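Here are my notes on the charged pairs, for you to check against the model as you read.

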Amino acid sequence: MNSSPDNQKKKHKRRVRYSGTHPKSFHEKYKELQPEKYADDVNKIIQKGNTPAGTHRSICVNEILEFLQITPGQVGLDATLGYGGHTLEMLKCLDSKGHLYALDVDSIELPRTQDRLERLGFGPDIITFKQTNFSNIDQVALESGPLNFVLADLGVSSMQIDNPERGFSYKSDGPLDLRLNPNKGMSASNRLKTMKQNELEGMLIENADEPHASVISHAIIDTIKKGIDITTTTQLQQIIEKALHFLPEKTKKEDIKKSCQRCFQALRIDVNSEYEVLYEFLEKLPATLAKGGRVAILSFHSGEDRLVKKSFQKFYREGVYSDIASKPIRPTAEECYSNSRARSTKLRWAIKA
């Protein structure tokens with residue numbers, strides 16, 4: 001005789017134990033992946049200068065808020081929502097008056113951030129979420145009207161980097177994907193199949209200033225010509241490491257690490273057309289700002305910073321911007337010490353005439 005549903009108890013499934021004393025893989029870090037439930041444990045990780053898995057620590061928050069001078073009743077845009085750290089602070093400045101538009105192309109992280117902010121009490125009356133690229137800022141402005149403030153954080157979020165399923169880092173084995181929106185476009189693995197050696201070499205130089213671009217590009221294309229698909233992050237990392245076997249033993253490990261970082265960065269920029277998208281955003285930006293509107297942009301490598309700097313200078317010369325940053329603002333030494341991912345950050349700003 002079958003027992004009734006009321007008498008049936010759901011069998012408790014124990015969490016799979018990880019080997020060793022501390023979790024190492026992304027999915028084993030169950031406390032870090034549930035910051036609301038294990039707040040004390042997460043705070044300990046942050047105090048050690050690390051970023052908990054599945055989260056992101058916003059950079060230059062005080063400097064951004066000091067410049068934007070957000071007041072209740074204004075209309076603004078967070079062009080790159082991410083984990084929502086900057087967004088939350090800007091919402092606090094609005095004090096439930098005005099409106100904030102928040103954009104992100106990431107179909108995986110956007111719903112999670114939206115859910116977090118809504119649980120904190122920020123609903124459609126104060127914030128509008130849109131899954132779209134920030135190059136579509138002109139379309140957003142048709143709905144929002146002139147923007148009083150705009151923030152664009154051009155960095156890849158930590159939760160994207162740390163999740164091996166996204167393929168943003170060689171530190172964990174995963175599919176070689178690198179797309180900000182995994183449902184759109186071509187993965188990095190497939191992109192490599194379409195490239196010739198001179199094209200790949202040029203991309204590694206232009207997107208990441210890779211000093212060993214010629215050797216690495218030859219090794220990658222040679223592997224593909226042999227009929228071997230490069231489908232995982234570990235495969236690509238091993239090809240780069242093998243190609244750089246000639247480096248001096250004293251600095252080999254660190255030099256290979258830096259080359260891997262640069263190659264993954266270059267591929268990510270290419271796969272997501274990041275330079276083209278940023279250029280389009282910067283060209284459309286002035287027309288979306290209200291008079292006296294303020295824009296702050298965080299960049300994380302020289303290519304991005306160059307584009308932002310040149311755009312701001314161009315529109316300043318034309319009288320479109322009344323003032324621009326004469327030099328980038330850098331994170332404080334204290335912030336760089338507590339968050340290593342802040343070290344390469346540059347903050348530039350402009351004010352609409």
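1. Start with Arg 191: this residue is buried, with a relative accessible area of 19%. Buried here means under 20% relative accessible area, exposed means over 50%, and partly exposed is in between (1.4 Å probe, protein chains only).

2. Arg 191 pairs with Asp 270 in a salt bridge, with the closest N and O atoms 2.6 Å apart. Asp 270 sits in helix H11 (residues 252–271) and Arg 191 in helix H7 (residues 188–193), so this pair ties together parts that are 79 residues apart in sequence. A salt bridge means a side-chain nitrogen of Lys or Arg within 4 Å of a carboxyl oxygen of Asp or Glu. Helices are DSSP runs of H or I, at least four residues, numbered from the N terminus.

3. Before you go further, a caveat: this is a predicted model, where local features need pLDDT of at least 70, side-chain atom pairs count only at pLDDT 80 or more, and totals for chains, interfaces and linings use all residues. Residues are numbered from 1 along each chain as its sequence is written, and side-chain values use heavy atoms, leaving out hydrogens and water.

4. Have a look at Asp 177 and Arg 179 too: they form a salt bridge with closest N and O atoms 2.8 Å apart. Asp 177 is buried at 14% relative accessibility, and Arg 179 is buried at 14%.

5. Lys 92 and Glu 89 also meet in a salt bridge, at 3.3 Å from N to O. They are three residues apart in helix H3 (residues 85–94), which puts about one helical turn between them. Glu 89 is partly exposed, at 24% relative accessibility.

6. Finally, Asp 138, Glu 280 and Lys 284 are linked in a network of salt bridges. The whole structure has 18 salt bridges.

Definitions and conventions:
Helix = DSSP H or I, 4+ residues; strand = E, 2+ residues; numbered from the N terminus.
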